[in-house]
Amino acid sequence: MTTPRLELKGITKAFPDVVANSDVSLTVMPGETHAVLGENGAGKSTLMKVIYGSLMPDAGQILLNGQVMRIRNPKEARANGIGMVFQHFNLFDTMTVAENVWLGLARTSLEQVTASIVAKATEYGLDIDPRRAVHTLSVGERQRVEIIRALLTRPELLILDEPTSVLTPQAVEKLFLVLRKLASEGCSILYISHKLHEIRELCTACTVLRAGKVTGVCNPKEESNASLSRMMIGAEPPLLEHHECQAGSTTMVVRNLSLERDDQFGVDLQEINLSVCAGEIVGIAGVSGNGQKELLYALSGEDTRSPHGSIRIGEVDVSALDPGERRRMGLHFVPEERLGRGAVPTLSLAQNLLLTRTESISIPRCAGGWIRVKALANHAERLIDRFHIKAGGPNSVARSLSGGNLQKYIVAREIDANPKLLIVSQPTWGVDVGAAAQIRGEILRLRDEGCAVLVVSEELDELFEVCDRMYVIARGKLSPSIPIAEATVEKIGEWMSGLWDRSVPGEARHA
Amino acid sequence: MPKLKLEARSQPSQMWSYASPLLALACTVAIGVLLFALLGKDPVKGLQVFFWEPVKTGYAVGELVVKATPLLLIALGLAVSFRSNVWNIGAEGQYILGAIGASGVALMANPATGSWIVVPVLLAGVLAGLFWAGLTAFLRDRFNANEILVSLMLVYVAVQVLNFMVFGPWKDPHGYNFPQTKTFEVVTRIPRLFAGSRVSIGIIFALVGVVLVWVFFFRTRSGFAQQVGGLAPAASRYAGFSSRRALWTALLISGGLAGLAGALEVAGPIGQLTPYVPAGYGFAAIIVAYVGRLHPVGMVFSALLMSMFYIGGELAQSRLGLPKSLTGVFQGLLLFSLLACDMLVNYRLRWIALGVGK
């Protein structure tokens with residue numbers, strides 16, 4: 001029997017509040033593509049950081065090629081043939097690709113680095129120009145830089161943390177080709193994901209984590225989505241009830257919205273046309289960094305530079321109104337960033353209600369109004385109960401909640417306001433499967449009650465699940481809309497690269 | 001061998017946020033004892049001068065309150081600023097302008113003027129402080145000029161304005177060429193609360209200020225918006241709270257209160273405008289604000305403590321023959337100890353045995 005490339009025995013890592021890994025064992029053979037599957041917060045990232053030397057385990061052993069190792073930092077990990085591609089890239093925007101790669105390498109010239117980048121890129125079909133500045137690259141291209149950087153150290157084990165969350169479906173296919181080639185050359189791959197179909201397509205072995213413990217080891221190709229999901233969350237994900245959409249009158253119209261970026265590395269919005277009707281859920285798909293952030297700032301009123309008349313709610317031009325004024329017209333918004341934007345981390349849940357709700361305010365004319373503390377706490381309490389939020393109570397500070405629970409609270413806060421128009425960005429980003437299903441269910445219920453909903457998400461699966469109609473955003477431009485019945489993953493994937501003009505014009509009739 | 005390790009707390013410790021100022025005070029005293037010993041003075045006597053003498057008699061306590069009043073008034077305003085992430089470091093300048101403004105009105109009085117003159121004297125101080133802080137707000141708002149630098153630099157401009165007035169147009173013609181105004185008419189004197197003590201109605205203003213600032217912070221939506229702007233600017237923008245409004249509110253409140261403190265001082269204990277009006281209260285109030293946790297009630301205590309240091313420094317000079325700058329040393333020690341102790345709010349210390357994880 002061959003020696004495993006990597007063997008973990010009884011790894012335990014505890015943080016002050018939570019045991020992130022408890023007695024985790026895992027074996028990766030040479031040339032094997034091994035999936036680590038688990039929900040957010042199951043301990044996947046902690047485990048990878050232990051392997052990569054960013055964290056020291058409290059107990060347990062790491063064996064590399066049969067040798068017991070003590071990896072004290074990422075540099076030692078790299079020296080021992082472990083490479084890692086992080087979910088959040090570590091690249092300097094203002095430097096070129098070659099300069100970024102050069103930073104991590106000792107005793108070579110920039111010319112040598114450039115040459116070896118080109119060589120690796122050709123070998124694996126990773127198209128990249130080493131002389132380009134990183135801020136001009138798309139997210140997919142940045143990931144290629146990270147992969148090449150990892151490959152240059154000739155790893156025997158490559159760790160990829162949620163690599164496809166930033167890619168179009170076509171780019172995912174390309175990435176898989178590279179990974180298969182690597183595996184065929186004998187490199188072991190640890191592939192972290194919570195996307196079941198990807199794991200079944202790519203991986204030959206799988207270790208499932210739940211709440212820091214191993215709950216299953218299997219060959220994913222022999223498992224069904226349902227059985228993997230049972231191992232991952234202990235149950236099958238609840239199904240959503242999706243009724244036919246009864247679209248009513250138009251709630252919001254965006255006409256020829258063009259907006260120059262106000263931050264150097266932002267995206268210019270170009271001639272955005274968009275409409276959302278009462279009783280329908282409209283989705284905006286796209287790879288992050290294609291103008292979603294800028295569009296949402298303009299729609300919510302956090303950016304009021306939009307041209308006169310470009311954004312209307314009902315018949316009213318709202319382009320110059322601030323977020324508070326738009327909220328009074330029935331527009332509620334759930335931003336992508338929870339801590340620091342959707343909620344103030346150090347304030348209590350009750351106090352965080354005051355960001356967007358005024359029910360507990362009396363005498364509004366005097367100093368913005370008097371806060372009725374008791375009513376405010378009761379209001380927070382009601383939301384916590386109604387949405388089953390795990391929190392100490394209305395006085396717990398926002399930052400003490402898990403990401404999923406805080407997201408539930410923020411969504412609850414906006415839904416509870418009975419909005420006319422709800423805009424949600426990344427509704428279930430970083431949220432566990434159960435909570436995600438609940439949030440999607442609430443959004444659907446709101447639609448059935450006649451609210452207009454706009455969902456911006458990078459997760460295509462999610463958009464296909466909840467939307468009635470879909471737009472795609474790419475490089476600051478918005479595609480025509482397409483009813484969900486006519487949308488396919490292939491077509492949306494193509495549109496995500498900005499290629500909707502090739503489609504038959506007849507399909508754009510909903511724009 | 002075990003090793004001491006700092007470990008992040010999952011939630012800031014409520015207990016330590018109160019205990020930290022007390023521990024900081026203990027550290028300050030301990031270092032103070034060491035300091036007295038090194039200077040060859042009896043530490044017990046030194047501590048007595050700083051912590052016992054200022055509260056020994058009713059009159060001494062009165063003096064303590066007299067010095068604490070401007071500190072508390074200025075610190076209240078600064079707390080509004082700092083909680084809004086507006087770094088007004090120039091309260092000293094706003095205090096000086098308040099003194100100048102109040103003096104301008106006080107100089108207009110004659111022996112026949114009614115005692116109503118006190119009201120315009122104080123108002124002039126408030127308005128002058130508002131104006132001086134408003135300059136900073138305007139430059140920040142219009143040109144995005146850094147308010148830390150602008151407000152600090154305006155302190156030195158204020159000092160020059162003060163000097164110009166007392167060396168020039170307002171110099172007392174019968175003052176033997178000393179750079180100071182004539183002594184203000186008695187009617188302009190801020191009313192005192194008790195006979196035999198210099199405590200004036202200023203302390204009432206300060207205590208009403210404590211209540212108002214508390215209400216503003218914790219019971220009004222404007223106060224809430226103000227603090228959100230400081231804690232999480234993106235959340236404030238998301239909520240639709242105006243950051244310009246927060247900037248102006250913060251600077252105008254702190255400027256107005258500093259100006260009021262200046263007016264109370266110049267028309268109270270001092271009684272004339274001299275180049276010695278700037279006593280560093282505007283800077284000491286920054287320490288008062290932080291030691292008091294930017295909380296209105298906490299600042300009452302820290303203002304008294306800081307006032308003790310002022311009086312202690314003066315006593316140390318006369319009784320122990322130590323330089324008066326000891327006051328500054330103690331203020332600095334307290335602030336540094338507090339910054340160090342505050343670490344315990346967010347971290348805990350733990351002994352860990354080495355060798356785990358093998």
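Trainee: How many residues of domain 1 of chain B are in contact with 14 residues of domain 2 of chain B?

Mentor: This is a predicted model, in which local features need pLDDT of at least 70 and side-chain atom pairs count only at pLDDT 80 or more, while totals for chains, interfaces and linings use all residues. Residues are numbered from 1 along each chain as its sequence is written, and chains are lettered from A and ligands numbered from 1 in the order in which they are written. Two residues are in contact if their C-beta atoms, placed from the backbone, lie within 7 Å. Facing those 14 residues of domain 2 of chain B, domain 1 of chain B has a side of 13 residues.

Trainee: Which element gives the most to the side of domain 1 of chain B that touches domain 2 of chain B?

Mentor: Two elements of chain B give two or more residues to that side of domain 1, α1 (14-38) and α13 (326-341). Helices (H or I, at least four residues) and strands (E, at least two) are DSSP runs, numbered from the N terminus. With seven residues, the element that gives the most is α13(B).

Trainee: How far apart are the centres of domain 1 of chain B and domain 2 of chain B?

Mentor: The bounds come from an automatic or database domain assignment. Chain B is divided into domain 1 (1-41 + 322-358) and domain 2 (63-320). Taken over C-alpha atoms, their centres are separated by 30 Å.

Trainee: What radius of gyration does chain B have?

Mentor: Chain B has 14 helices and two strands, and its C-alpha trace spans about 85 × 60 × 35 Å along its principal axes. The globule rule is 2.2 Å times the number of residues to the power 0.38, and the radius of gyration is taken over C-alpha atoms. With 358 residues, a compact globule would have a radius near 21 Å, which agrees with the value for chain B, 22 Å.

Trainee: What percentage of the residues of chain B count as buried?

Mentor: A residue is buried if 20 or more other C-beta atoms lie within 10 Å of its own, exposed if 12 or fewer, and partly exposed in between, with C-beta atoms placed from the backbone. Of the 358 residues of chain B, the buried share is 47%.

Trainee: Which helix of chain B gives the most to the side that touches chain A?

Mentor: The contact takes 33 residues from chain A and 22 residues from chain B. On the chain B side, α7 (202-219), α8 (221-231) and α9 (233-239) each supply at least two residues. The helix that gives the most, with six residues, is α8(B).

Trainee: Turning to chain A, which are the edge strands of the open sheet of four strands?

Mentor: The order in this sheet is β12-β11-β14-β15 (chain A), with antiparallel pairing. Two strands pair if DSSP finds at least two bridges between them. Pairing on one side only, the edge strands of chain A are β12 (269-277) and β15 (316-317).

Trainee: How many residues of domain 1 of chain A are in contact with domain 2 of chain A?

Mentor: Chain A is assigned domain 1 (6-233), domain 2 (237-330 + 421-511) and domain 3 (341-418). The centres of domain 1 and domain 2 of chain A, taken over C-alpha atoms, are separated by 32 Å. Domain 2 of chain A brings 15 residues to this contact, and domain 1 of chain A brings 15 residues.
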